[in-house]
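Open your viewer, load the model and get ready to click along. Each stop of this tour tells you what to select and what is there.

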Amino acid sequence: MNTTIVLDQGGSHAYTNLDEITGRVIVRCGKSADVNSIIVKLEGESRTRLMSSGGGPNNERPKPQLEYHKILYRVQMVFPPADVLEGRSHSGSKATYTLPPGNHEYPFKFKIPFNNSCANDKSQMPTISMSGTGFEMAKPPSRHVKKTLPPTLSGFPGEAEIRYFVKATVNRHSFFKENSRAYTPFNFFPIEPPRPPSSGSEVFARQKHTFATLTGQEPVKSKMKGIFGLKKDNDLKSGYSTEAPFMSVDARLPEPAILNCNQEVPLRILVKKLNEFHEPIYLQSLQVSLIGNTKVRAHEVFRTETNSWVLMSKSNMGIVIGHPSDAVDTETVLDDRMWRGQPLPNTVAPSFETCNISRHYEVDVRVGLSYNGSGGKDAKPQNVVLPLRLSAMVYSGIAPPAEVLEAMAQAKTNVGRTTSTPAKTQANASDPMDEKTRLETQQSDFGANQVPPTPVDSPDPSGRPAVPPRKAVPGASAAESTEPAFEDAPPSYEDAIAGNVRPVNAPRPDYAPPPTGEDELLGKDEKKGWVN
């Protein structure tokens with residue numbers, strides 16, 4: 001028996017919230033086979049693995065810490081059909097079905113929700129995986145956040161990954177027959193949150209610099225002549241400025257600082273003259289990069305990984321900035337054609353935060369200036385590179401449907417009017433994790449509800465997404481950090497919309513994260529790499 005999954009939209013297609021993911025499970029039988037059921041699951045996982053620092057009073061050795069979240073879980077039984085299953089249950093006959101030789105196709109359809117559902121998983125048990133260092137245990141997570149599903153994330157082998165996939169299992173009737181399984185991954189790209197209104201102002205990072213008064217070979221020669229009484233007063237002034245240039249450089253983004261995936265950066269760079277000087281200043285080099293800081297958490301262990309994408313880089317330009325005769329406080333805007341037309345690469349994921357992984361961005365600008373005085377033949381130019389860094393959010397560019405925004409506004413209006421409903425009643429409504437427990441414990445109740453539920457962060461009552469600070473401080477991010485401050489989630493889409501909202505019919509940005517393979521350190525799946 002061989003089982004495969006074929007998605008109707010396969011390849012590099014990236015799904016988003018509210019999309020319907022459809023496909024077929026194809027079961028090929030060389031001979032007749034008895035089966036109990038065919039189950040299809042839509043799953044998303046967020047896994048992290050970090051080494052503890054060790055030490056302490058007992059001088060403990062560093063140990064791997066694993067944290068695992070089932071952020072998406074949907075289950076569908078495609079065989080037997082519901083009417084056949086109900087008839088068998090009433091008749092009390094044995095739930096065994098024989099598939100004849102040949103190919104058998106079973107269609108399936110799932111609708112991707114907005115939010116992660118790991119907080120509702122009541123069946124999480126400590127799991128054990130095998131790696132090159134021996135057995136490793138993943139303890140149940142101690143904390144969850146309820147937010148929009150994060151994008152597919154890879155590029156941190158053995159440390160962190162977020163992946164989505166469809167999995168099919170053919171449950172064989174015989175205890176001695178191995179169940180046939182199939183697995184196919186897909187990319188996920190979330191709908192962006194509601195955009196805060198533009199303030200009309202700009203966020204900025206600023207650096208000031210004073211060039212030194214040039215002291216080349218000419219003043220030394222004049223000093224030597226002075227020994228013999230041939231020194232003249234104008235020798236020191238010839239070819240040199242009476243005042244060193246003093247200027248500032250700004251990198252600016254519209255407020256709030258939001259970038260869009262697959263689109264160019266709305267950056268402005270300004271150079272301001274702060275004192276009186278009459279020699280030209282040259283733009284010698286310019287580099288614009290996007291810095292991604294990924295915060296990884298595995299229980300009490302934290303780490304920040306940094307990635308960078310160079311959007312443009314030029315050197316040896318020799319472009320005069322402004323004019324030497326410009327008045328003090330004159331601002332010169334650099335030509336944005338140098339970085340316009342350079343969109344964010346399709347490997348850049350939108351900003352996100354989930355239970356154990358988060359990603360935020362900074363725009364890094366490095367402006368190289370050159371000062372050569374009056375340009376004497378023996379003058380040595382002064383070169384300086386001024387680093388500027390701005391915090392920014394990256395949005396997916398997939399706008400939420402209008403009916404979703406209307407439903408959210410209506411939900412906020414009705415908050416004070418509605419009476420409180422018991423939390424347990426709301427949690428039990430179409431809970432996919434309850435369905436998971438019911439389907440997976442039909443033959444055995446081992447492990448069901450043995451772990452108490454973990455706390456979930458409450459939503460932010462303000463309803464506004466976080467806005468980056470008005471001014472960024474230049475400087476590199478640390479490779480390792482202390483515990484990051486995970487903020488509370490804003491009001492979720494899923495709490496404000498009904499289940500009949502149609503999929504988003506809008507252009508989708510291209511998203512192609514590095515391909516994910518089977519990571520031996522993070523485990524394969526709960527049937528192969530993880531032993532319950």
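Two strands count as paired if DSSP finds at least two bridges between them. Helices (H or I, at least four residues) and strands (E, at least two) are themselves DSSP runs, numbered from the N terminus. The model is predicted, so local features need pLDDT of at least 70 and side-chain atom pairs count only at pLDDT 80 or more, while totals for chains, interfaces and linings use all residues. Residues are numbered from 1 along each chain as its sequence is written, and side-chain values use heavy atoms, leaving out hydrogens and water.

**Stop 1: the whole chain**

Show everything as a cartoon. The chain has five helices and 26 strands. Of its 532 residues, 45% are buried; buried means under 20% relative accessible area, exposed over 50%, and partly exposed in between, with a 1.4 Å probe and protein chains only. Contact here means heavy atoms within 4.5 Å. Among the contacts with a separation of 6 or more, 81% link residues 24 or more positions apart.

**Stop 2**

Select residues 2–7, 20–29 and 102–111. This is an open sheet in the order β1-β3-β7, and its pairing is antiparallel. Strands β1 and β7 stand at the edges with a single partner strand each, so one side of each has no neighbour in the sheet. On average, neighbouring strands here are turned by 20° against each other, direction ignored. For such angles, axes are lines fitted to C-alpha atoms (for helices over the stretch in contact), and angles run from 0 to 180 degrees between N-to-C directions.

Now look at the pairs. β1 and β3 are joined over six bridges, and threonine 4 has isoleucine 26 in β3 as its bridge partner. β3 and β7 pair over ten bridges. There, valine 27 is partnered by histidine 104 of β7, and arginine 28 by asparagine 103 of β7. Strands of a sheet pair through backbone hydrogen bonds, either parallel or antiparallel.

**Stop 3: a sheet of four strands**

Next, pick out the open sheet with the order β14-β15-β17-β21, again with antiparallel pairing. Which strands stand at its edges? They are β14 and β21 (331–333), each with a single partner strand, so one side of each is left without a neighbour in the sheet. From one strand to the next, the twist averages 20°. β17 and β21 pair in the antiparallel sense over three bridges; click lysine 272 and you can find its bridge partner, glutamate 331, in β21.

**Stop 4: the nonpolar cores**

A nonpolar core is a set of buried Ala, Val, Leu, Ile, Met, Phe, Trp, Tyr and Cys residues joined through side-chain atoms within 4.5 Å. The largest one holds 53 residues, of which Leu253, Leu267, Ile269, Val365, Val367 and Leu369 touch the most other members. Elements supplying at least two residues each include β15 (246–254), β17 (268–273), β23 (357–371) and α3 (402–413). At least three residues come from each of domain 1 (2–52 + 62–191 + 490–498) and domain 2 (202–211 + 243–395); these bounds come from an automatic or database domain assignment.

Zoom in on isoleucine 269. Leaving aside neighbours within four places in sequence, its contacts include Val249, Leu286, Trp339, Val365 and Val367. Then select Leu72, Phe156, Ala182 and Phe188, which are among the members of a second, separate core of 42 residues.

**Stop 5**

Start with glutamate 43 in strand β4 (residues 33–51). Is its side chain buried or exposed? Glutamate 43 counts as buried because its relative accessibility is 0%. Its side chain makes a polar contact of 3.3 Å with the side chain of lysine 167. A polar contact is a pair of N or O atoms within 3.5 Å; within protein, one must be able to donate a hydrogen and the other to accept it, and residues adjacent in sequence count only if both atoms are side-chain atoms.

Move to glutamate 255, in the loop between β15 and β16 (258–260). At 12% relative accessibility, glutamate 255 counts as buried. Its side chain makes polar contacts with the side chains of serine 199 (2.9 Å) and serine 201 (2.5 Å).

Finish at glutamate 279, in the loop between β17 and β18. With 10% relative accessibility, glutamate 279 is also classed as buried.
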